Amino acid sequence: MSADEVRSCYELIRTEVGDGVTIVAATKYVPVDELAVLVEAGIEVVGENRAQDLEAKHAVYGDAFRWHFIGHLQSRKAKTVNAICELVHSLSSESAARRLEVPALVEVNLSGERTKSGVPEAELDSLIAAYPDVRGLMTMPPETDDPESSRPYFRRLRELAADRGLDELSMGTSQDYRTAVEEGATLIRIGSVLYRG
């Protein structure tokens, strides 16, 4: 991937989603040495899935990006995340909430898939009550080739956030970000569609 290709994709997506949506470049599969391409392409916000990768990438690129944590948050990794990130998209346990110190979104498992992190809808309020700086909600619908099949999950997340007076909605990935934005996403987490070149 070249910086020009990434910039072109980034600008196209920015035009599609508008200024009110934060584009979070998911860097799970981007090696440390390739992050320079993202800097050159003008990427502002990156989202990392693993605390050890977050630490390694931040050590090299520091203030080049605004850092978000988008993977499953283990309580023992909260210290690393606190030191680096401006926002966590994936708070899903009270044990992590006890150690976290930065603004967070609660991850809600609306699909009920056992392989996915997040709290069931029924436990959402108790986790919100356990953490003083919840800014919004995040969800991951089932993987699909049809973005429309994600819409009910995005719509439900928006309803849950509105009922609780929460403003931020992290929903939508490369497979369905356009649908997510139509349903009110304020943050989208994209990877492959940004790097395809």
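Which residue forms a salt bridge with Glu-148? Select Arg-151: its closest N and O atoms to Glu-148 are 2.6 Å apart. A salt bridge here is a side-chain nitrogen of Lys or Arg within 4 Å of a carboxyl oxygen of Asp or Glu.

Before moving on, know that this is a predicted model, where local features need pLDDT of at least 70, side-chain atom pairs count only at pLDDT 80 or more, and totals for chains, interfaces and linings use all residues. Residues are numbered from 1 along each chain as its sequence is written, and side-chain values use heavy atoms, with hydrogens and water left out.

**Stop 1: around Arg-151**

Arg-151 sits in helix H7, residues 151-163. (Helices are DSSP runs of H or I with at least four residues, strands are runs of E with at least two, and both are numbered from the N terminus.) Is Arg-151 buried or exposed? Arg-151 is buried, because its relative accessible area is 14%; buried means under 20%, exposed over 50%, and partly exposed in between, using a 1.4 Å probe and protein chains only. Glu-148, at 41%, is partly exposed.

**Stop 2: helix H3**

Jump to H3, residues 51-61, and pick out the buried Ala-51, Leu-54, Lys-57 and Tyr-61. They are on the same side of H3 because they cover an arc of only 130 degrees around the axis, taking the directions from the helix axis to the C-beta atoms. Over on the other side, Ala-59 and Val-60 are exposed. Just past the helix, Gly-62 has a positive phi of about 35 degrees.

**Stop 3: the nonpolar core**

Finally, select Ile-43, Leu-100, Leu-137 and Leu-194, which touch the most other members of the largest nonpolar core, a set of 58 residues. Such a core is made of buried Ala, Val, Leu, Ile, Met, Phe, Trp, Tyr and Cys residues joined through side-chain atoms within 4.5 Å. Helix H1 (residues 3-17) gives the largest share, six residues. Apart from this core lies another of eight residues, including Val-24, Ile-70, Leu-105 and Leu-187.
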